[in-house]
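Please look over the structure below before reading on. The report then goes from the whole chain to single elements.

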Amino acid sequence: MSIICPSCGNEIRENYFKRKYLYKPLNKEYKLYHCDKCDLEFWTPLEFVKEVYENEEVRGYEEFHQGLIDLKDDHLMFLSSYEGKADRLKLLDIGCGNGSLIYKAQECGFDVYGIDVDSKSIQAASEKLGLKNVYNMSLDEFVEYAKKEGLKFDVITFFQVLEHQTDPSGFIQKVRKLLNPGGKIIGSVPNRNRLFAEFSRSGRTYDFPPHHFLWFNKKALENIFLINSFEVRVSKLKPSFKRIIKLIFDLFYDRTKLGIFKLSVSERFFSNSVIQNVFILVFSPIVLILQGIYNSDLYFEASGE
Ligand SMILES: [Zn+2]
């Protein structure tokens with residue numbers, strides 16, 4: 001028996017896995033493989049588990065549902081790259097969550113659409129942010145819908161989405177069907193070669209299946225777009241001060257459950273309490289050092305022929 005790389009189709013011997021992982025809520029065992037041909041690391045079995053996104057085991061999803069999350073560094077990089085150039089371009093955000101990004105993109109001048117498989121997030125996007133073109137659909141369902149409606153897009157974004165896919169090449173091919181000629185795909189994935197990757201994973205589930213099936217590095221990310229006939233530019237994303245502070249506080253909160261580390265990520269960020277501010281000051285030299293060396297995410301910009 002052999003395992004097929006979901007990016008390039010390379011065959012890997014089944015007993016050549018690198019490590020195992022047990023997902024306790026489902027008592028399900030996963031195996032990690034490395035593809036020598038395209039450099040992707042992926043977990044098998046590659047089977048999507050929808051319930052994972054609806055339960056609130058992971059703090060990030062809970063924040064999504066409540067409409068609390070604010071824009072991440074990758075979102076900000078995207079928005080700034082289109083400042084003054086969005087001029088009614090049609091934008092689709094796949095995995096739009098509560099719509100924070102497309103809400104801002106709309107202010108920038110984009111004609112915005114969003115899809116997400118999580119019904120609660122879509123509900124928040126439409127009720128809390130008043131977004132009209134948001135759909136609780138899978139990409140397959142939306143491709144069908146767009147075909148009927150004659151919808152095509154100039155820019156399609158998916159931030160921190162590709163690593164969740166069980167058939168990433170199929171996913172990119174579906175996205176291609178939604179693109180106008182000359183259209184662009186923009187997004188980000190976690191960088192598996194980031195500093196402290198293993199430390200940040202320990203005791204937490206978010207970087208493992210059935211959340212993240214694919215672990216990219218720069219080369220694997222470039223390859224998956226090249227394999228699917230896109231030209232691509234991949235850059236390493238330097239996290240903001242705020243992002244690193246949040247990472248440090250989340251880490252302490254996850255391990256100590258001390259309320260002082262439970263940072264709000266909204267505009268209340270720097271004014272939660274005196275104690276928090278003192279902690280932020282204490283940590284700030286470390287944060288500044290980390291900022292220089294911590295390549296947490298990879299940002300991609302791909303265009304078809
Ligand atoms: Zn491969």
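## The chain as a whole

This is a predicted model. The protein chain contains 11 helices and 13 strands. Its C-alpha trace spans about 55 × 50 × 35 Å along the principal axes.

A compact globule of 305 residues would have a radius of gyration near 19 Å, and the protein chain agrees with this because its own value is 19 Å. Of the 305 residues, 36% count as buried. Among contacts with a separation of 6 or more, 69% are between residues 24 or more positions apart.

## The seven-stranded sheet

Seven strands form an open sheet with mixed pairing, in the order β8-β7-β6-β9-β10-β13-β12. Its edge strands are β8 (134–135) and β12 (231–237), each of which pairs on one side only.

## Helix α7

Helix α7 covers residues 168–177, and P168, F171, I172 and V175 in this helix are buried. Seen down the axis of α7, the buried residues fall within an arc of 95 degrees, so they line one face of the helix. The face turned away from that buried side carries Q173 and K177, which are exposed.

Several elements cover the buried residues of α7, including the helices α6 (139–149) and α9 (218–227). The strands β9 (153–159), β10 (179–190) and β11 (214–215) are also part of this cover.

## Helix α11

Helix α11 runs from residue 274 to 293 and has 20 residues. From its first C-alpha to its last, α11 reaches 29 Å, which is close to the 28 Å expected at 1.5 Å a residue.

Where does α11 bend? The bend is at S284 and amounts to about 50 degrees. A proline, P285, follows within four residues. Helix α11 is hardly covered, with 2 buried residues among its 20.

## Residue T256 in helix α10

T256 is part of helix α10, which covers residues 241–256. Is T256 buried or exposed? T256 has 10 C-beta neighbours inside 10 Å, so T256 counts as exposed.

T256 and I156 lie 100 residues apart in sequence. In space, their C-alpha atoms are 39 Å apart.

Key. Residues are numbered from 1 along each chain as its sequence is written. This is a predicted model: local features need pLDDT of at least 70, side-chain atom pairs count only at pLDDT 80 or more; totals for chains, interfaces and linings use all residues. The expected span of a helix is 1.5 Å times one less than its number of residues. The bend at a residue is the angle between axes fitted to the seven residues ending there and the seven starting there. A residue is buried if 20 or more other C-beta atoms lie within 10 Å of its own, exposed if 12 or fewer, and partly exposed in between; C-beta atoms are placed from the backbone. The radius of gyration is taken over C-alpha atoms; the globule rule is 2.2 Å times the number of residues to the power 0.38. Two residues are in contact if their C-beta atoms, placed from the backbone, lie within 7 Å. Two strands pair if DSSP finds at least two bridges between them. The arc is that of the directions from the helix axis to the C-beta atoms.
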